[in-house]
Amino acid sequence: MPDASSAAVELRDVVKRFGDVVAVDHVSLRIAPGEFFALLGPSGSGKTTTLRMIGGFELPTEGEVLIEGEPQGYKPPYQRPVNTVFQNYALFPHMTVAQNIAFGLEMRGVPKEEIRRRVSEMLDLVRLSGYERRRPHQLSGGEQQRVALARALINRPKVLLLDEPLGALDLKLRKAMQLELKAIQEQVGITFIYVTHDQEEAITMANRIAVMNKGKVLQVGTPQEVYEQPQTFFVADFIGDTNFLPVQVMQVTAPVEVMTESGTRLTASWAEPTLRTGVKAVMAVRPERMHLYRPGSGPEGPEWNRVEGIIRQVIYKGLDIRYEVFVAGECSLHVRMPVGRSEGTFQRGEHVIVAWPRAAARVFRSES
Amino acid sequence: MNELLQRKPGLRAWLLLAPSFLWLLIFFIIPLGIIVVYSFLERDLYGGVVWKWTLENYRRVFDPLYFKTFLYSLWIAFLTAFFSLLFGYPLAYYIATRPEKTRNALVLALMIPFWTNFLVRTYAWLTLLRTNTGLINVWLQEWGIIDHPLPLFGNTFAITLGLVYGWMPDMILPIYAALEQLDRSLLEAAEDLYASGWQVFRRVIWPLSLPGVIAGTMLVFIPSLGAFVTPAILGGGKRLMIGNVITNQFLGAHDWPFGSALSVLMMAVMLLATLIYFRTGGEEARRGGLG
């Protein structure tokens with residue numbers, strides 16, 4: 001564990017209540033300098049409130065926010081070494097692009113000559129040179145987004161807070177901006193804290209992700225960790241696609257063993273620590289970790305799980321083929337198979353074996 | 001008929017516009033034309049006009065006696081707009097920043113005075129302000145706060161007070177409308193970018209509320225310039241505005257041509273003021289970018 005001074009932002013047991021509503025519930029986080037950190041969660045998960053407490057737009061009811069080791073207490077936003085890119089950009093409609101970007105420096109009384117130089121640097125950085133005199137309403141969504149970014153970055157904050165900055169853009173532009181944002185972050189080396197409800201966005205851009213739900217941080221980890229080793233049902237469900245098989249727990253110590261409702265024994269790499277033998281649970285497996293085989297073939301042994309099923313639907317997606325497999329008495333499983341495997345493709349109505357390795361299966365308490 | 005209307009949408013539009021167009025023609029354009037024509041005619045001793053063209057009426061308008069009244073009216077209208085803005089803006093801001101329920105209740109409260117006739121409300125001020133028998137002076141003397149009655153009545157103060165009281169809602173409502181639309185995140189953005197409270201106001205709130213301020217100022221300035229009820233009652237007959245002079249030409253002096261000339265001049269000044277204000281302020285408002 002690094003010491004306090006090495007964290008760009010630290011939240012210590014932060015709670016935020018609005019009346020009776022607990023928006024943020026005992027959240028502790030440490031965000032390292034230069035990190036691209038994502039706060040990911042559905043709406044109402046407390047991620048924006050958490051961001052606003054770092055920015056100083058809300059004050060914690062309990063706990064403490066530290067920026068570069070320094071407690072922020074009741075400091076207002078303009079006394080904190082952070083800047084924010086707002087969800088709807090919040091560009092000043094009555095000012096030009098250059099005036100918008102210059103605003104922060106002007107307020108701090110930076111000499112005019114330096115402002116001019118730094119504004120043009122920023123315009124270069126966000127590839128908007130020549131747009132100085134335009135007004136926000138003359139810009140496209142993506143351009144407005146870049147102005148908002150430049151307006152915040154020009155102040156050279158220790159930490160940049162971004163509140164769903166790509167939420168208003170269409171899908172294609174969003175994908176392009178994701179890569180651009182990440183490139184800019186790497187170029188300027190400033191810590192980014194990024195709020196989003198889009199798990200794909202978080203996975204694409206962030207070094208680390210904190211998954212939030214109902215005001216709590218459920219899991220913090222790299223995109224790979226939260227995707228491959230979710231710690232709760234919510235995380236497994238929220239991030240990526242997942243098959244959930246209802247099961248009963250047979251053994252909680254490794255190797256974890258469970259039984260499906262029709263009596264098939266399955267094995268998993270991990271079970272949620274609070275699970276006890278005999279209780280109902282769910283097994284989670286990613287669609288791309290499942291494989292289809294013709295009856296009588298496919299891998300066998302203690303490391304593998306096998307169930308029989310019938311193909312109900314085949315969807316060709318180009319890169320892969322998605323099968324919906326009906327498992328008698330159980331559920332439907334979604335299986336994603338790369339195109340061009342030796343078995344060839346399967347037809348609708350065909351009997352198949354669905355197999356997946358123990359390592360790909362995790363068992364959670366089912367949430368209702 | 002139906003078929004004809006379907007084939008000619010232009011005709012349909014004209015038919016729909018016809019009633020309001022007729023209304024404006026009969027009750028606005030024609031009377032206005034009559035006033036303009038009368039202003040170039042000679043008076044008849046009994047209140048009518050003699051059809052002989054003359055510019056005498058316009059020469060008389062610039063007679064110092066009337067012209068001073070004119071300038072005084074401009075001054076009063078300016079004071080009224082100024083104080084309405086000074087007191088109205090903070091109030092509009094306060095209302096616009098309340099939660100929605102409170103906001104609606106406050107706007108309603110703003111309207112309630114209109115339910116009572118303006119004349120009655122102006123007389124109410126009379127009973128408060130009058131020099132010797134007005135309630136304010138009577139009470140202040142009874143409580144021993146003053147020895148002599150304060151000059152609250154029959155002067156510029158009384159007229160301005162009456163007009164500010166009467167027209168301030170017209171200042172507040174457009175400003176409120178502009179401020180209510182103001183995106184709160186702009187204020188947070190300014191605060192995030194190191195702006196102090198005053199700077200947030202000066203650089204963001206004020207320029208974005210300017211269209212409301214301009215509309216409000218015109219809505220207060222123009223009727224104040226032509227006011228006649230308020231100066232007639234609260235001016236105590238000592239202080240006249242141009243509206244009173246015009247009223248008098250038509251009802252007392254039976255000099256319709258001269259009254260018309262004064263009216264035409266007043267309208268010209270209002271038009272000019274509006275144009276100048278919207279040119280200068282309108283430019284600023286456009287840059288305010290509410291479009």
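Reader: Is R103(B) buried or exposed?

Author: R103(B) counts as buried, because its relative accessibility is 15% (buried is under 20% relative accessible area, exposed over 50% and partly exposed in between, with a 1.4 Å probe and protein chains only). This is a predicted model, in which local features need pLDDT of at least 70, side-chain atom pairs count only at pLDDT 80 or more, and totals for chains, interfaces and linings use all residues. Residues are numbered from 1 along each chain, chains are lettered from A and ligands numbered from 1 as written, and side-chain values use heavy atoms without hydrogens or water.

Reader: Which residue does R103(B) meet in a salt bridge?

Author: Its partner is E180(B), at 3.4 Å from N to O (a salt bridge is a side-chain nitrogen of Lys or Arg within 4 Å of a carboxyl oxygen of Asp or Glu). E180(B) belongs to helix 8 (residues 156–180) of chain B and R103(B) to helix 5 (residues 100–111), so the pair ties together parts 77 residues apart in sequence (helices, H or I of at least four residues, and strands, E of at least two, are DSSP runs numbered from the N terminus). E180(B) is partly exposed, at 37% relative accessibility.

Reader: What does E303(A) form a salt bridge with?

Author: E303(A) pairs with R358(A), and the closest N and O atoms are 3.3 Å apart. This pair links distant parts of the chain, 55 residues apart: E303(A) is in the loop between strand 16 and strand 17 (304–316) of chain A, while R358(A) is in the loop between strand 20 (351–357) and strand 21 (362–364). E303(A) is partly exposed, at 43% relative accessibility, and R358(A) is buried, at 18%.

Reader: New topic: where is Y293(A) found?

Author: Y293(A) is found in strand 16 (residues 291–293) of chain A. Its relative accessible area is 11%, so Y293(A) is buried.
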